[in-house]
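Hi there,

Here is the structure I promised to pass on to you. Have a look at it first, and then read my notes below.

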Amino acid sequence: MKISVIIPSYDEEKYIKQCLDSLFVQNYPNFELIVVDDGSTDQTRQILNNFSSQEKIILLKQNHLGPGHARNLGATCAGGDILVFVDADMVFQEDFLNNLVIPIIEGGAKGTFSKEEYVANWENKIARYWQYNRGIFSNKMIGKEYEKTAPVFRAIIKTEFDRVHGFDNIGYTDDWTLSRKLGYQSIPCKGAKYYHYNPGTYSEMWKQARWIGKNEFISGNFIRKLKSFLKFNLISSIIKGAGIAIKVKDIEYVGFQIIYDAAVMMSIFGSMIGKNKNK
């Protein structure tokens with residue numbers, strides 16, 4: 001079965017090359033790479049152009065419309081039987097694709113995910129803080145709540161994707177919409193190991209926290225906004241930050257928590273005045 005790997009990319013000049021380099025050496029025999037530049041403003045497009053002569057790659061571009069729209073655009077050009085969705089700030093072991101799709105090829109699954117996702121830049125202090133904020137104190141990114149199924153698909157049979165017309169472009173949680181419409185979730189595979197870069201600077205953290213703050217669970221309806229105000233206000237930030245700082249024995253974490261929560265709060269305020277939540 002042919003695999004189409006779809007990669008939305010927005011301002012990923014720091015990571016896109018190593019992401020693609022790790023995919024070109026995959027040991028699965030039949031795959032293509034489809035990269036959709038989502039209106040990048042940095043050097044991402046120029047870096048992608050350096051790969052244009054490679055046989056396995058298709059380069060697409062769109063205005064900045066968000067990752068959900070970019071993934072759907074990539075899927076319309078896909079020639080594979082299986083779609084694989086990854087991010088541009090990931091790198092992969094050479095048997096990632098092969099192990100990811102084994103349950104599908106053997107007929108036991110319509111879609112899969114991998115629990116073997118690790119922080120690529122664990123040596124970076126800000127990257128570790130990002131994990132702590134998620135309630136995870138190791139470099140493993142997938143929590144125990146996803147032991148049996150997950151709402152996000154890394155791989156899915158293309159006919160299933162097409163049946164529900166792909167992702168809804170709702171912003172941060174757009175990759176959850178597929179399982180909602182399909183009525184089932186992905187199942188774990190074995191041995192598909194990969195690494196994901198957490199924000200490594202305060203500016204990267206601020207940008208990503210702003211994006212997270214736009215998601216439906218934080219700034220959706222009025223009740224969710226109200227709960228978020230209680231969770232992310234300054235007093236709560238200090239209390240949360242102090243608790244984690246004591247746990248990890250690093251007082252600087254308190255500052256991280258305050259800045260992170262402030263970024264989220266800005267997105268909540270933005271949602272109240274009609275700011276776009278899809279990108």
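A charge sits over a ring if NZ of Lys or CZ of Arg is within 6 Å of the ring centre and within 35 degrees of the ring normal. Please keep in mind that this is a predicted model. With that definition in hand, Lys247 lies over the face of Phe137, at 4.8 Å from the ring centre. A second example is Arg71, whose charged end sits over the ring of Phe167, 5.6 Å from the centre.

Phe137 also brings us to the aromatic residues. It belongs to one aromatic cluster together with Trp122, Tyr129, Trp130, Tyr132, Tyr202, Tyr253, Phe256 and Tyr260. Across the whole structure, a search finds 23 aromatic pairs. One of them is formed by Tyr118 and Tyr195: the ring centres are 6.2 Å apart and the planes meet at 40 degrees, so this pair is tilted. The two residues come from distant parts of the chain, with Tyr118 in strand 7 (residues 117-119) and Tyr195 in strand 10 (residues 194-196), 77 residues apart. Tyr118 has a relative accessible area of 17%, so it is buried, whereas Tyr195, at 24%, counts as partly exposed.

Now for the sheet. Strands of a sheet pair through backbone hydrogen bonds, either parallel or antiparallel. Here seven strands form an open sheet with mixed pairing, in the order 3-2-1-4-8-6-9. Its edges are strand 3 (57-62) and strand 9 (187-188), each of which pairs on one side only. Strand 1 (residues 3-9) and strand 2 (residues 31-38) run parallel and are joined by seven bridges.

Two helices are worth a look next. Helix 1 (residues 16-24) packs on the sheet and touches strand 1, strand 2 and strand 3, with its direction at about 165 degrees to that of strand 2. Helix 4 (residues 96-105) lies across strand 1, strand 2, strand 4 (82-85), strand 6 (111-113), strand 8 (155-157) and strand 9, and runs at about 140 degrees to strand 4.

Finally, which residues does Leu23 contact, leaving aside its neighbours within four places in sequence? They are Val5, Ile7, Phe31, Leu33 and Phe92. Leu23 lies in helix 1, and its relative accessibility is 0%, so it counts as buried.

Methods: Residues numbered from 1 in each chain as written. Predicted model: local features only at pLDDT ≥ 70, side-chain atom pairs only at ≥ 80, totals over all residues. Heavy atoms only, no water. Pairing = 2+ DSSP bridges. Helix = DSSP H or I, 4+ residues; strand = E, 2+ residues; numbered from the N terminus. Contact = heavy atoms within 4.5 Å. Axes fitted to C-alpha atoms, helices over the stretch in contact; angles between N-to-C directions. Phe/Tyr/Trp six-rings, centres within 6.5 Å; stacked < 30°, edge-to-face > 60°. Buried < 20%, exposed > 50% of the residue type's maximum accessible area, 1.4 Å probe, protein only.
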